Amino acid sequence: MIYVDNAATTFYKPDSVITAVSEYLRHPGNPGRGTNHCALEASRTVLDTRIKLAELFDCDMRKVVFTSGVTESLNTVIRGLFGPEDHVITTYMEHNSMLRPLYRQNCELSICDGSLAEIKKLVKENTKAVLINHVSNVTGEINPIREIGKFCRENQLLFLVDSAQSAGLLPISMKKDFIDVLCFTGHKGLLGIQGIGGICIEGNLKISPLKVGGTGYRSFDKAQPDKYPSALEAGTLNMPGIVSLNHSLDYLKKQGIETLLHHEQRIADEFCRQVETFPFVTVYRNPKKEHVGIVSLNIAGMDAAYVSDRLSCLYQIETRAGAHCAPLVHEYYGTESMVRFSFGVQNTMEEAAQCAEAIYRIGKEGRND
Ligand code: PMP
């Protein structure tokens, strides 16, 4: 099997992650709940993981909040910060985990291509924030977060980044990129397990919580404690997820995230170079931008789901077809669906050539049902 759906969830998880998670399941403990040895050990792991994340994202470890993933993070932040009186700017590249919470808040929304020039034109009196993904999950294009962040800071706008497709692949510094809120997910480039993610907050920004409940301290208070991280962490944390991140972050540090990025970029670029020579293929890449290892395409006259099924059934090549939860990208390109190849740590140049060969054959054979 050739797994090229790493943008959905990365296939490769370091052995150290698998070992540590199963070890943890034999010796669990509830962090911040009591002082028995198991609880204390879990608390130490949580703290240590916050420190490692703060190092990776160059932010304050006291404001690294754990959630179940970037979807919960964006829901929390958007509901906690914005209302109908606010104007916010976002892009057509966003995932529904950004768009739907924004629609639900009834904010006044301006949608652009994510370039600084366009963002500048849209700012007005009641603009409160710019919200953008660092990397598009459909096209793989990398957005210029540092220059947008600088502009936001200079103009007293909040800057929120969805790093679902970039964390663990691209360098992110909340300080140098002027990010106020960074939302991340653990099971993609961070190489952890599913169900863990978080929010990193800079400065004194107050975000009201989506959920309230047990924090393990100040139990007689009727109100949720307002100190981060527990202000946004009601309930038992996902310890297996946190353990997985604790170890995957060590792995990423040892390998160097740029090594992993270059590996997948090289493979994706080679795949792209080959498929772009086939006259019946359209590749959805912005030539003016840099990309991670994601390549989305269509074969003329052929349904993306059909192509993806053929790839899987005939060639054991596992891709994803569909709208990829990002409807506005499809409006932009005039499509409803694309076949996405997303390369990862475990893929090889040879696999890129096999994927291109399979696309060639499927395109040539045409649809015969
Ligand atoms: N944003 C982007 C850009 C994504 O690619 C994804 C996952 N496809 C998400 C948000 C949501 O991530 P999760 O499902 O891990 O919460």
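Biologist: Into how many nonpolar, polar and charged residues does the lining of the second largest cavity divide?

Modeller: Three are nonpolar, one is polar and two are charged. Here Ala, Val, Leu, Ile, Met, Phe, Trp, Tyr, Cys and Pro count as nonpolar, Asp, Glu, Lys and Arg as charged, and the others, Gly among them, as polar. This is a predicted model, in which local features need pLDDT of at least 70 and side-chain atom pairs pLDDT 80 or more, while totals for chains, interfaces and linings use all residues. Residues are numbered from 1 along each chain as its sequence is written, and side-chain values use heavy atoms, leaving out hydrogens and water.

Biologist: How is such a space found, and which residues line the second largest cavity?

Modeller: Rolling a probe the size of a water molecule over the atoms shows where empty space is left. A cavity is a set of points, on a 1 Å grid over the protein atoms alone, where a 1.4 Å probe fits but cannot get out; lining residues have an atom within 4 Å of a point. A volume is the space filled by probe spheres set on the points, which are joined across faces, edges and corners. E72, T76, P209, L210, K211 and L232 form the lining here, around about 30 Å³ of space.

Biologist: How many cavities of 30 Å³ or more does the whole structure hold?

Modeller: The search finds two.

Notes:
On a 1 Å grid over the protein atoms alone, a cavity is a set of points where a 1.4 Å probe fits but cannot get out, and a pocket is an open set with protein on both sides within 12 Å along at least five of seven lines; lining residues have an atom within 4 Å of a point.
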